[in-house]
Amino acid sequence: MSKQTSNKATAAIRASLKKRYARERRFQWYGRLAVLTGFVFLFILLADIVGKGWPAFTQHYIEVSVNLDPEVLGLPPNATREQMFTADYLGAIKSSLRAMFPEATGRKDKQQLYRLVSIGAEYDLRDRVLKEPQLIGHTSDIWLRAHAEAGSYLKGQVTAETAEADRRVKDQQMGWLDRLRADGRTESRFNTTFFTQGDSREPEMAGIRVALYGSFFTLLVTFAIAFPIGVAAAVYLEEFAPRNRLTDLIEININNLAAVPSIVFGLLGLAVFINFFELPRSAPVVGGIVLSLMTLPTIIITSRAAIQAVSPSIRQAALGVGASKLQTVVHHVLPVAMPGILTGSIIGMAQALGESAPLLMIGMVAFIMDVPAGVTDPATVLPVQIYLWADSPERGFTEKTSAAIMVLMGFLILMNALAVYLRKRFEMK
Amino acid sequence: METTTVFLVLVLLTIISFFMGRKRSHAVTSGLGGARALHSLPKHYGYMAALWALLPALLVLVLWLVFEHGVITRMVLSELPPAVQDMPASQQGLYFNQIVSYAHGATDASMLDETQVLAAQHYRFYDSTSRSIKALLVFLVALAGAILALRQIRPALRARNHVEGILKWMLFGCSFLAVLTTLGIVMSVLFEAIRFFQAIPIADFLFGLEWSPQMAIRADQVAASGSFGFVPLLVGTLLISAVAMVIAVPVGLMSAIYLSEYATRRFRAVTKPVLEILAGVPTVVYGFFAALTVAPFIRGLGESIGLHVASESALAAGLVMGIMIIPFVMSLSDDIINAVPDTLREASLGMGATMNETIRKVLLPAALPGIVGGILLAVSRAIGETMIVVMAAGLSAKLTINPLEAVTTITVQIVTLLVGDQEFDNPKTLAAFALGLVLFFVTLLLNVIALYVVRKYREQYE
């Protein structure tokens, strides 16, 4: 190679360098952009949920001067508790509202007026009267739960700017609510109903208690089945399994099950547990069994990794002093591997907590108001409750859905934080 | 006796057996110099007795519980008059439920006819008899097991080996459950699918271009048996998955490349877990986000530039599904890029290539099979994803590849066909299992190919 050609080549390379460096910088920016895109998606998702769900944690109340006239209530003097229980509180609320806003005279006007307070206000009033029977016969200012639509106006979610036909709160109701607000007769309180009640057709009466219990019972069953079986399977495959075709078959099956769509497990649950074994529909026990089959591969795979990570010297030492294979595993290997196994199991449980598709198949998608008392009572779980509410068109349910999502994500964050903590401790050892 | 009581008594019997076994091991060696004469530790003889008491009895209890309900139902049903037995299944079910709820004292007799009241009495009789027999049988089996074990105890009995043998079989049973689960899945979808294909020819299902599973309400309506053409569902599923991949693959792959090749260790340590949150968000949350935020947004955006966008567009569902899959693609690609040997990187950089030339011309070609495998896994996940499409995709099957229109997917149809009232003699319900069969085998095929490709790729660099 002569000197001249080499100079030529160097010059060509030098000339292309600027372009190549620019390309390098561009490429790095693509990478940053991709990471940023992920962040932006995550941020929008969380902000959207929190923004929509935040108002659901408050509930507006309206102070109405209720005239508890025994005649309107339909109560005789010296009424018994039972009579007080069945008295016409709705009538009392209606007549008191009419007294506060005498301008509502037509049938339609009155209906709109009554829609300011919740259907549940009647029961709140009943409980109050049962606690303080001396209120009967007097007019007293009592805070009543606002209707979800009235509440959405008081929360500022609906304004007069929207055309009247497009909103459920009418101009007249807005006027009344404005007057109540000016008189200091409206109040926003923490929404305890959301945590203490079951499902309801009325957004302001709906809560997640049944779903929380259902999720708890379902996870209990899942854990009781998946954890022991998963750990046992992992121990077998890591410590005892001979290398043969049967073991290969088991391993292939576990890896494939980990990637089977969750809804297929629902079909299995429907065909086997409900149709063949005739277990009860909508019950946490069936949901728990199905979810445990679904989470088993996760638990087995992570437990195997944890058992594999135990140093062989521990095994050799135990075997050397005469322990049997099983004693070595139970007394020495498992305790060391336990944090890792627990980490994997918690992650598996978190998966099960967020899962809903297979539960739809086995009928855990029902309208349930009563808190389940055990694993065989009909129940629903938090993600399915979210699915059910997301289908309701009312604005009140949209915010309830988002709030339920916030609760669900809160639990998931707790579980994952626990898993991360365990892993950190494990790594320190 | 209640099942829980039976179970608790069984546990108690097991514990007693343990102590008796241990005591007996001491007793048989009393003349031989105590526990030293035993082959195993005294507690192993206890474990042995306990296992013999517990396991057979537990098996009996579980089998009894599984079959109790069905057998009693059939016994009561067979005694009902022929008029009831000829009822259609759903009506008969309702009729029978009234009997059961009366027998349990949940309703009063006012809603029932005389036969039902009589049947309820029979039901109650069978139910209580079954409970007594169950308790008796379980206890007898437990006692028999314990006595058998106790009688075997001799100093030379290798109790530890015996117990460990049983436990090893139990461990094997636990891992064999995975095979049973797969078998259960295949059987349950296959049997119902075969029944479906008896009603609808398999060719009509696989190549039919129309899907409208609405069946005739009355049985005498001719030719109103719905049409079960699978093609629109497949196209809809693939369309939504394709949109998802268009989002997830570039973002996930580029993020993985950036994080593994360019980012500082600290940036990576913070960024990766944050992006992985996206994988931990429950799918129902994505579904809600897609249906209530993304779909209206895309619709509004489309209309502002004069495009007609369906309110349940494939684009919205696919976009959100893509977001869900980003971390999946990212961590798979990350693993695979990290598995490329450093010597390849160093050789390329040493020749004067820039980092981006190294990545595009050396790393990516070397990692390509692995990345393809990872993408196949992601596609399989997109096809099987249910909640996002149930909440954000359409219900009516339309054969189109326009992402702005509403399409439906396999999983959506499974859910719509099976949620609500079900009758298992109806092609509409059975169709869900046929779809489940297809879904299972498509995802299985993708997974097997993907896992094979990834494993081959790993072996190449080991």
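Chain A is divided into domain 1 (58-190) and domain 2 (209-428), with bounds that come from an automatic or database domain assignment. The C-alpha centres of these two domains of chain A lie 47 Å apart. This is a predicted model, in which local features need pLDDT of at least 70 and side-chain atom pairs count only at pLDDT 80 or more, while totals for chains, interfaces and linings use all residues. Residues are numbered from 1 along each chain as its sequence is written, and chains are lettered from A and ligands numbered from 1 in the order in which they are written.

Chain A contains 18 helices and three strands, taken as DSSP runs (helices H or I, at least four residues; strands E, at least two) numbered from the N terminus. The radius of gyration of chain A, 32 Å, is well over the 22 Å that the globule rule gives for 429 residues, so chain A is more spread out than a compact globule. That radius is taken over C-alpha atoms, and the rule is 2.2 Å times the number of residues to the power 0.38. The C-alpha trace of chain A spans about 105 × 75 × 40 Å along its principal axes.

Of the 429 residues in chain A, 44% are buried (20 or more other C-beta atoms within 10 Å of the residue's own, with C-beta atoms placed from the backbone). The largest nonpolar core has 192 residues; such a core is a set of buried Ala, Val, Leu, Ile, Met, Phe, Trp, Tyr and Cys residues joined through C-beta atoms within 7 Å. Helix H10 (residues 209-240) of chain A gives the most to this core, with 18 residues. A second, separate core of 28 residues includes Ala121(A) and Val129(A).

The contact between the chains takes 70 residues from chain B and 67 residues from chain A, where two residues are in contact if their C-beta atoms, placed from the backbone, lie within 7 Å. On the chain B side, helix H6 (residues 159-199) of chain B gives the most, with 20 residues.

Confidence is expressed as pLDDT, given for each residue from 0 to 100. The predictor gives the complex an ipTM of 0.89 and a pTM of 0.87.

| Part of chain B | Mean pLDDT |
|---|---|
| Chain B | average pLDDT 87 |
| Helix H4 (residues 89-103) of chain B | mean pLDDT 76, lowest |
| Helix H8 (residues 231-262) of chain B | mean pLDDT 94, highest |

In chain B, 95% of the residues score at least 70.

Key:
Buried ≥ 20, exposed ≤ 12 C-beta atoms within 10 Å, placed from the backbone. pLDDT = per-residue confidence, 0-100.
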